[in-house]
Amino acid sequence: MGLFGLGKKRPGASADFSFRVDDIFTIKGRGLVVTGQVTAGEVLSGAAVTCCTIGGDSFPCVIHQIEQPKPGGARGEFIHPDRASADGPFQGSYALWIADRQPGDFHPGDRLISGNE
């Protein structure tokens with residue numbers, strides 16, 4: 001490895017990160033949200049990931065913010081952790097706010113993964 005760490009994986013998602021998309025919607029004034037489950041690894045807020053569509057296409061996207069229900073909180077109370085992981089609360093279920101994408105870009109069954117597989 002070189003002095004400046006060339007060839008290092010960019011921080012943000014573990015090498016085995018995978019997220020199954022279950023639902024897609026927008027919130028007026030906030031943007032696009034995909035909900036689903038982290039099935040492997042973990043990802044940090046702000047990470048660049050790749051969406052692998054059920055149709056066989058892929059494209060890059062950025063996770064702007066992570067959201068999940070507040071453990072032990074009242075219905076409708078949410079927290080915004082800095083990371084989402086497969087071993088997180090609620091069996092790894094999260095809502096991910098995606099920057100600069102449209103709802104039609106995503107479909108239930110798509111996967112968000114680390115890197116450019």
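Predicted model: local features only at pLDDT ≥ 70, side-chain atom pairs only at ≥ 80, totals over all residues.
Residues are numbered from 1 along each chain as its sequence is written, and side-chain values use heavy atoms, leaving out hydrogens and water.

View 1. Of the 117 residues, 35% count as buried (under 20% relative accessible area; exposed is over 50%, partly exposed in between; 1.4 Å probe, protein chains only).

**View 2. The chain has 1 helix and 9 strands.** Both are DSSP runs, numbered from the N terminus: helices are H or I, at least four residues, and strands are E, at least two. The order along the sequence is β-β-β-β-β-β-β-α-β-β.

**View 3. The largest nonpolar core has 22 residues.** Such a core is a set of buried Ala, Val, Leu, Ile, Met, Phe, Trp, Tyr and Cys residues joined through side-chain atoms within 4.5 Å. F19, V34, L96, I98, F106 and L112 have the most contacts inside it. Strand β5 (58-69) is one of those that each supply at least two residues. With 4 residues, β5 gives the most.

**View 4. Q68 sits in strand β5.** Q68 is buried, because its relative accessible area is 4%. Contact means heavy atoms within 4.5 Å. Not counting residues up to four places away in sequence, Q68 touches E77, F78, I79, P81, P89, F90, S93 and Y94.
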